[in-house]
Amino acid sequence: MNNSFLWGGATASYQCEGAWNEDDKVDSMWDAYLHEKGLENGDVASDFYHRYKEDIRMMKEGGQNSFRFSLSWPRIILDKEGTVNPKGLQFYHDLIDECLRQGIEPFVTIYHWDLPQYLEAEGGWQNRATCDAFMHYARVVMKEFDGKITYWTTFNEPRWFIFNGYFIGNYPPECHSAQMTIKGAWHVLLAHAMAVQAFREEGIQGKIGIVHSYTPVDGVDDRPETLKAMRYADNYCNNWVLDTATKGEIPQDMLDKLSAEGIDLSFMNEADLQIIRNNHVDFLGLNYYSRTLVKPYTEGETTLIVNNTGKKGKGTSKTIVKNWFEQVQDPDSEYTEWDTEIYPKGLYDGLIRAWERYHLPIFITENGIGCYEDVSVDCVQDDWRISYMNDHINAIMNAMDDGVDVRGYFAWSSFDLYSWKNGCEKRYGLVAVDFENGLCRRPKKSYYWFKDVIESKGERVERRKL
Ligand code: GCO
């Protein structure tokens, strides 16, 4: 890898900061939802808000040259009128300045799911007004930090938070409505395009992108009906984000199918479509955990089960989208306790496809494995994570050898943090956080392995053809 390749870890404001009500921050929808349900929450999380200097020092000592984090909208904009919180901005100035002081390139996500509750209370992503509120928030932070930030991304994983919130229902606001899902997806795509437009209008320095929960689609065979199921699944999982953000085109075959199935698309007006058509990203952020393997839909109602239990077994996760596709498990693959397939070849295949379709620079903005780990030891011997990361970085290097312009890799996550609806027991960190004992940080074996990989410019990776 060349010297400009970005190596780092990734986090998200709600999942790591804690300080949920400090320095005038107002509630996010996750604060309200988890408090109301009495569930494990991010009130303290990894307490990054108070410990960020220690964490950044550890990134530096780990050889990392970049750090992906998100800004907390409810820490920065306090109400529907758009009142700016100077204490919120100051925290991120301090954080960014510490990164720059340590030679760590900040890689910023403007929205990573922590919508202010005052907007959720007015309909959240069902409400067109949320798009205007997002554009205001994005304009404030882009102008505030202009010149300090080179890499901006608007949204983290539109598909994941919209589908889980409005279709699957395991995230707030816990809805099960195809109509609300499509309307919410539309508003996020529009808000994204409005922020890109503001970025261009304000002449903000650097580049702007979007981060997608990328699950490249494979089929169980190559029968025509399977190829059709693959297209439906690719539209459902990937194309409505990636085609739209890179080309300004929402897949027409998907819109046609939605209309034919009775979804009302009348909210998509021409003026807003024009904003989407005219505002494209400079790069793509792809979060890769696994692929989507499908077979043709045959029978049954739409069934959407996500494993947030961490105890894999029969029926702990299931995706059937009626008249579209059915997701299946590969008997030859390993799966995590949360039913995530471990399939590095999917990352190679997905990078080749994304490069051929969009021909834009790509950053792997998240890749990692969540595990149960005993952090009471001095150094967690997470050889499983080293093997996982090696095989996925190998896949990236193979794709780069075949011409894909990959410019960075961010491990999810820099340190252990709160995992949405999975709590803190699902550990992803390169650095262990002992949540039971003073939140002390201890690097895992993977942290030191990653340092070797970075300092060897990738030579340390065990290479293999896929
Ligand atoms: C989890 C992990 C990540 C997050 C991340 C996605 O919850 O399983 O923490 O995969 O979802 O915020 O961008």
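A cavity is a set of points, on a 1 Å grid over the protein atoms alone, where a 1.4 Å probe fits but cannot get out, and its lining residues have an atom within 4 Å of a point. The model shown in these views is predicted: local features need pLDDT of at least 70, side-chain atom pairs count only at pLDDT 80 or more, and totals for chains, interfaces and linings use all residues. Residues are numbered from 1 along each chain as its sequence is written, and side-chain values use heavy atoms, with hydrogens and water left out.

**View 1. The second largest cavity and its lining.** This cavity holds about 60 Å³ of space, a volume being the space filled by probe spheres set on grid points that are joined across faces, edges and corners. Its lining consists of Ser13, Tyr14, Glu17, Gly18, Trp20, Lys25, Asp31, Gly42, Ser72, Arg75 and Asp114. By class, two of these residues are nonpolar, four polar and five charged; Ala, Val, Leu, Ile, Met, Phe, Trp, Tyr, Cys and Pro count as nonpolar, Asp, Glu, Lys and Arg as charged, and the others, Gly among them, as polar.

View 2. The structure holds three cavities of 30 Å³ or more, and the largest cavity contains about 80 Å³ of space. It is lined by 13 residues, of which Met29, Tyr111, Phe161, Pro172 and Pro173 are the closest to its centre. Helices α2 (29-37) and α8 each supply at least two lining residues; helices are DSSP runs (H or I, at least four residues) and strands likewise (E, at least two), numbered from the N terminus. The largest share, four residues, comes from α8. The lining divides into eleven nonpolar residues, one polar and one charged.

**View 3. The loop between α8 and α9.** Proline 173 is placed in this loop, and a cis peptide bond with omega of about 10° joins proline 172 to proline 173. Glutamate 174 is found in the loop between α8 and α9 as well; although not a glycine, glutamate 174 has a positive phi of about 55°. Most residues other than glycine have a negative phi, and most peptide bonds are trans.

**View 4. The crossing of α8 and α9.** The axes of α8 (residues 158-168) and α9 (residues 178-201) come within 9 Å and cross at roughly 150°. Axes are lines fitted to C-alpha atoms, for helices over the stretch in contact, and angles run from 0 to 180 degrees between N-to-C directions. The angle makes α8 roughly antiparallel to α9, a term for angles over 145 degrees. Pro158, Phe161, Ile162, Phe163, Tyr166 and Phe167 of α8 meet Ala178, Met180, Thr181, Gly184, Ala185 and Val188 of α9, where contact means heavy atoms within 4.5 Å. Ten residues of this contact are nonpolar, two are polar and none is charged.

**View 5. The second largest pocket.** A pocket is an open set of grid points with protein on both sides within 12 Å along at least five of seven lines. This one has a volume of about 510 Å³. Among its 26 lining residues, Phe167, Ala178, Ile182, Leu258 and Trp324 lie nearest its centre. Helix α9 gives the most to the lining, with six residues. The lining comprises 19 nonpolar, five polar and two charged residues.

Definitions and conventions. Angles under 35 degrees count as roughly parallel, over 145 as roughly antiparallel, 65 to 115 as roughly perpendicular and the rest as oblique.
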